[in-house]
Amino acid sequence: MERLRRQLPSLSLLQRIVIANTVIIVIGAIGGTLLTAHLASRVGAVGLILAFAGAGILFSFAVNYALVSAALRPLYTLRDRASAIAAGAGAIQPVVAPDADRDVQELGQALATLVQQLESRNRELEALSQRILDTEEAECRRVARTLHDDTSQYLSMLIVQLERLEQRLPPEEEPVYSQIVRSREMAQQILQELRTLIHGLRPTLLDDLGLVPAIRWYGRTMLEDAGLAVTYALPAETPTLTEQQSAALFRIIQEAMNNIVHHAGARRARITLDAAGGEICLVVADDGVGFDPETIGRRLGLLGMIERAALLGGHLDLDTAPGQGTRIRVRAPVAGAAAAACEEATRYRSGRES
């Protein structure tokens, strides 16, 4: 018996189940034969025979269940660990017990290798996404600088030249004078739209003064100019953020504000930024019509915002439904910043002020 117990770990799962069922069959056959021989001489003991038969069936079931469950326990453990990984519990090594079946051990090792490969690919994808976003920000900065330093300067010089022509034309040149005035007004309008485009590409406030002034400027330009009543809950000073963190948070705010103006049909909005204890919390909420994230969320730039939040090491929560407004909350760790007190800010939705 001791020898069989030592050899049991080396048996395959199939062999264990076959042995367990063979033991049950043998015990049942021997026990049933002895019981039949014992009761054969007793006439009219039908009820007793049925009772013994039922007890034998229950005993066989219990023993079979116990033996097969013990044989399959490593598979249950492997299943539970795989479920934990699928639920996002992180890098759990799906290692089974050393006395498990060889096939189960190989399956566990294969799963562990697959998890490691997936984690490696995820890190590579995150690094690639970050490089793409960094390249995008650098290109936006370059284009904005070129438009500001060259194109806008040429337009400004053109406007000045047109103004001088206006002043020098004699009164009898009224048709030409009117054309010059219209040309100057068109140039001024183009210059204004160009400046708006430049600030949309890369606000100079974000580079010069930081995230908080950029949020106020964009909220005033995008939301207040569109007729929305906007309330701000922003820190007096910009939290200590890296250039990547500031750019990612600003792009999330930018996308959220664009959605409010073009899709929400809102009357009020609230923007909250709080940082403390190594975490930053950003909340953008409105009292608009809301939407169903499953049907139209992809069309509102939601995936881009989620990706940017993930690259910050945080996550984005979306709280919305048709007719109930929208609230977007981003929480992310920020080295050197202080822990976000987000709870009161996140109570604002559907027109309720916190």
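Let's start with a helix pair: the axes of α7 (residues 211–223) and α8 (residues 243–264) come within 11 Å and cross at roughly 15°. That makes α7 roughly parallel to α8, a label used for angles under 35 degrees. Axes here are lines fitted to C-alpha atoms, for helices over the stretch in contact, with angles running from 0 to 180 degrees between N-to-C directions. Helices (H or I, at least four residues) and strands (E, at least two) are DSSP runs, numbered from the N terminus.

This is a predicted model, where local features need pLDDT of at least 70, side-chain atom pairs count only at pLDDT 80 or more, and totals for chains, interfaces and linings use all residues. Residues are numbered from 1 along each chain as its sequence is written, and side-chain values use heavy atoms, leaving out hydrogens and water.

Who touches whom between the helices? On the α7 side, the contact (heavy atoms within 4.5 Å) includes Leu-211, Tyr-218 and Met-222, and on the α8 side Phe-250, Ile-253 and Met-257 are among the partners.

Now for the sheet: it's open, with five strands in the order β1-β2-β3-β5-β4 and mixed pairing. Strands pair if DSSP finds at least two bridges between them. At the edges sit β1 (229–233) and β4 (315–320), each pairing on one side only. Further in, β2 (residues 268–276) and β3 (residues 279–286) run antiparallel, joined by eight bridges; Thr-272 has Val-283 of β3 as its bridge partner.

Back to α7: this helix lies across β1 and β2, running at about 175° to β2. Helix α10 (residues 302–311) also packs on the sheet, touching β4 and β5 (326–333), and its direction makes about 145° with that of β4.

Methods
Angles under 35 degrees count as roughly parallel, over 145 as roughly antiparallel, 65 to 115 as roughly perpendicular and the rest as oblique.
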